[in-house]
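This report looks at how a chain is divided and at how some of its parts are arranged. The structure follows.

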Protein chains: 2
Amino acid sequence: MVSRALVKEFQRILGKEQVFLEEIDRATYAYDAAVLEPVLPAVVLRPRSAEELGRVTALCHENGLPLTVRGAGTNLSGGSIPSSGGVVVLTTALNKILEINEADLFAVVQPGVVTARLMAAVEAKGLFYPPDPGSMAVCTLGGNVAENAGGLRGLKYGVTRDYVMGLTFFAASGETVKTGSRTVKCVSGYNLAALLVGSEGTLGVVSEIILKLIPLPPARRAMMATFDGVGKASETVAAIIAQRIVPATLEFLDNFTIRTVEDYSKAGLPVDAAALLLIEVDGHPAVVAEEAEKVEAICRQMGAARIHVARDAAERDRVWSARRSALPALAKLKPTCVLEDATVPRSKIPAMIQALEDISRKFALPIGTFGHAGDGNLHPTILTDRRDKKEWSRVEAAVDAIFEKALELGGTLSGEHGIGTAKSRFLEKEFGRGTILFSKKIKAAVDPHNILNPGKIIGE
Amino acid sequence: MVSRALVKEFQRILGKEQVFLEEIDRATYAYDAAVLEPVLPAVVLRPRSAEELGRVTALCHENGLPLTVRGAGTNLSGGSIPSSGGVVVLTTALNKILEINEADLFAVVQPGVVTARLMAAVEAKGLFYPPDPGSMAVCTLGGNVAENAGGLRGLKYGVTRDYVMGLTFFAASGETVKTGSRTVKCVSGYNLAALLVGSEGTLGVVSEIILKLIPLPPARRAMMATFDGVGKASETVAAIIAQRIVPATLEFLDNFTIRTVEDYSKAGLPVDAAALLLIEVDGHPAVVAEEAEKVEAICRQMGAARIHVARDAAERDRVWSARRSALPALAKLKPTCVLEDATVPRSKIPAMIQALEDISRKFALPIGTFGHAGDGNLHPTILTDRRDKKEWSRVEAAVDAIFEKALELGGTLSGEHGIGTAKSRFLEKEFGRGTILFSKKIKAAVDPHNILNPGKIIGE
């Protein structure tokens, strides 16, 4: 699909050393973190300026060449898997923090900036960029925008879309589109920035991102509540919210996940607990003290066996890094780890957790469940071996059952991992035919040659 | 444009008494709150169910009939002014609050619900719906969604788009489109809800809105700081934000506005002050006490002549209702009141206020300036008489100069009033040709007969 002449053209724009054609290079960018078949791109490009990015996009458009933009490839729904014979465009060289504006509380970044790097840079100035996806140490802000990445702090602070004030992106044709503003309020024109967020690279190629910052909360307190029954833990989540307390983080781990994480991280988690809640409140010191006390009292009333408040920052960090190791820990147990993120209104968490236990039993599959219980976003994780065809068909049936249940409970297919290719066939079930048609019309209008990450979200 | 047969069809769908054809009825819906020529629609329709709304939309589509949805008509940029010979669809009968979910913190409403009614209903349950446009006592949530309405609390709490979790709307063809979710996190499919917010009725007809609610702040404190120089007041705004304090409200009034408001409301405002800041902090009582003290200290350091803290709720309400009367008070002075909302990054407020004084002098026009200084969203208000052609041409030149300056300072054409027809010719200047083209492609794709509020935002 990529002719010799076109390769030469790419080399002319980017320089020879930024155009990768060897199979080993292409194989490196053939997959992402989803359990899906890798797809070899024809060529991998590494632009070093927005201008190069735009020229490459226009060239793909002119030649009808599928283009998949890739940050760190931590995508969990196949959004970064390229099209066969297509182009992968790396954002790794577009990694500049262009501005941190302390007076007006925003930052301007290129798409390849690693999330944790921006966080650290703004924290050094007493500011806060809250969205903290599990992969924040390696993932990029461009990827976060493409996937509308969530994280542990979604409950109180929202997700990526709540922080995108403006974008500059290239339309498929290579034309520059600016949208949004450096002002808190902006209603000039269509909110194209919001449309681009979560569109998984199918509507435009982002070259610059304006992100809202907020003051860093001056205090925080983390605690761990241990429960001898899963039901008690999940009902505690609802009880906390019912008291009008919105913790920064409210995480759930079932026994299977607790044991696996403890094996992996030796953080001192209670391996005999049926379930754990990890809770952090933050804000003004007086509020933190009061809310921590209230949360502790609620946990106790709801029957927590033990409540442990982190004594210092080191202990707090140990607990959170244990929680953040849940996925790698689970992934070590079996060759294939299917991480789902069906999401329900938070009051339906007890029903969803019960349903996950039933599904685990029915399909005879180990399912470890953890996740952001406070915002109804659970990560049931099925451990399996994809090469075992018989078991794999049970896994597929279990995943279907998880989605069915989430939708039945008024939830959604994906809280934060995206639709990609992994879930696009379920989308009509959630929204109906009208939504798919409307979405396809937009896609076809702005990308008539269907070059921008084709097949993702709304299918081919 | 509307045939007898079509009128009969509308009457069959809605009932005769919900189809208005008399000139007096049509004239009532020919204008909105913007200073623009009224345009007579051919017929005014009042559907009483979502189903009727969908059928009416489909019928307009089939007949190529322009359709403008209208809530309370408080629009300030011409977005509710119909097309000549077109249809006005009233949402006044679609006014049910369908659900207030206390466990999951959301509300589901029809588009015709008045904003203040939802606010009161959720406050009675200890919950909070923050977006508070100036017209909140009469405007509708459907209109707020169409315009992405802001308000006084935008600084701390954001605007309408920050609270829209999901929408159901009719595509131009009458097909139902669902988007978003009742869950805090949702990345299923394109974020069509966010695209619809602020699209001024040009992309779909909203029938149901899911709105995020938050816990009601338990305490609040309002204060008024008086300054003998405009510069001192505007620099104080930046100084407060620089101290990492984000008040719920941070309003500015210049002397002209103060005197006019005091004449109108007799609220006891200091008529000899060069400028006033009205500031409210809210949240936990300890935080409120601390932040109020800090804000007071900053105002004093910045040279405030006098600082008065509201002693009780009654006094607080008096101050805010005086502020909310700024527009009607100014509007009484002269036959025509041109209310602008050019918006700048908040650190540029002093420069913008200076520029407004220069523009007032240059074009020999009285400009009263007030507004949401904390989020950079000022409302320079030009008092004039549109029938005076010579003066009116100076007004038009002054408005152009205001936009030029806002863009030059890194701001935007509209913070919260929308583009409508009033500002669409300036849009390319803010964003460039690529943005207009991209927007037009979307509009043409989802509304091929161009029936949905044609001409608004991106022009004809």
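## Division of the chain

Into which domains is chain A divided? In this predicted model, chain A comprises domain 1 (4–90), domain 2 (97–215), domain 3 (217–418) and domain 4 (423–460).

## A sheet of four strands

Chain A contains an open sheet of four strands in the order E1-E2-E4-E3, and the pairing within this sheet is mixed. Its edges are formed by strand E1 (19–20) and strand E3 (67–70) of chain A, each of which pairs on one side only.

Strand E2 (residues 43–45) and strand E4 (residues 87–90) of chain A run parallel and are joined by three bridges, and A:Leu45 stands opposite A:Val89 in E4(A). Helix H3 (residues 50–63) of chain A packs on the sheet, where it touches E2, E3 and E4 of chain A, and the direction of helix H3 makes about 170 degrees with that of E4(A).

## The interface of domains 2 and 4

The centres of domain 2 and domain 4 of chain A, taken over C-alpha atoms, are separated by 23 Å, and 10 residues of domain 2 are in contact with nine residues of domain 4. Between these two domains of chain A an area of about 770 Å² is buried, with carbon and sulfur atoms giving 70% of it. Of the area that domain 2 of chain A buries against domain 4, 60% is supplied by A:Ala172, A:Thr202 and A:Leu203, more than by any other three residues.

As for polar interactions, the count of salt bridges between domain 2 and domain 4 of chain A is zero, whereas two residue pairs, both at pLDDT 80 or more, are found in polar contact across this interface.

How values were computed:
Residues numbered from 1 in each chain as written. Chains lettered and ligands numbered in written order. Predicted model: local features only at pLDDT ≥ 70, side-chain atom pairs only at ≥ 80, totals over all residues. Heavy atoms only, no water. Pairing = 2+ DSSP bridges. Helix = DSSP H or I, 4+ residues; strand = E, 2+ residues; numbered from the N terminus. Contact = heavy atoms within 4.5 Å. Axes fitted to C-alpha atoms, helices over the stretch in contact; angles between N-to-C directions. Domains from an automatic or database assignment. Buried area = accessible area lost by both parts, 1.4 Å probe. Salt bridge = Lys/Arg side-chain N within 4 Å of Asp/Glu carboxyl O. Polar contact = N/O pair within 3.5 Å; in protein donor to acceptor, adjacent residues only side chain to side chain.
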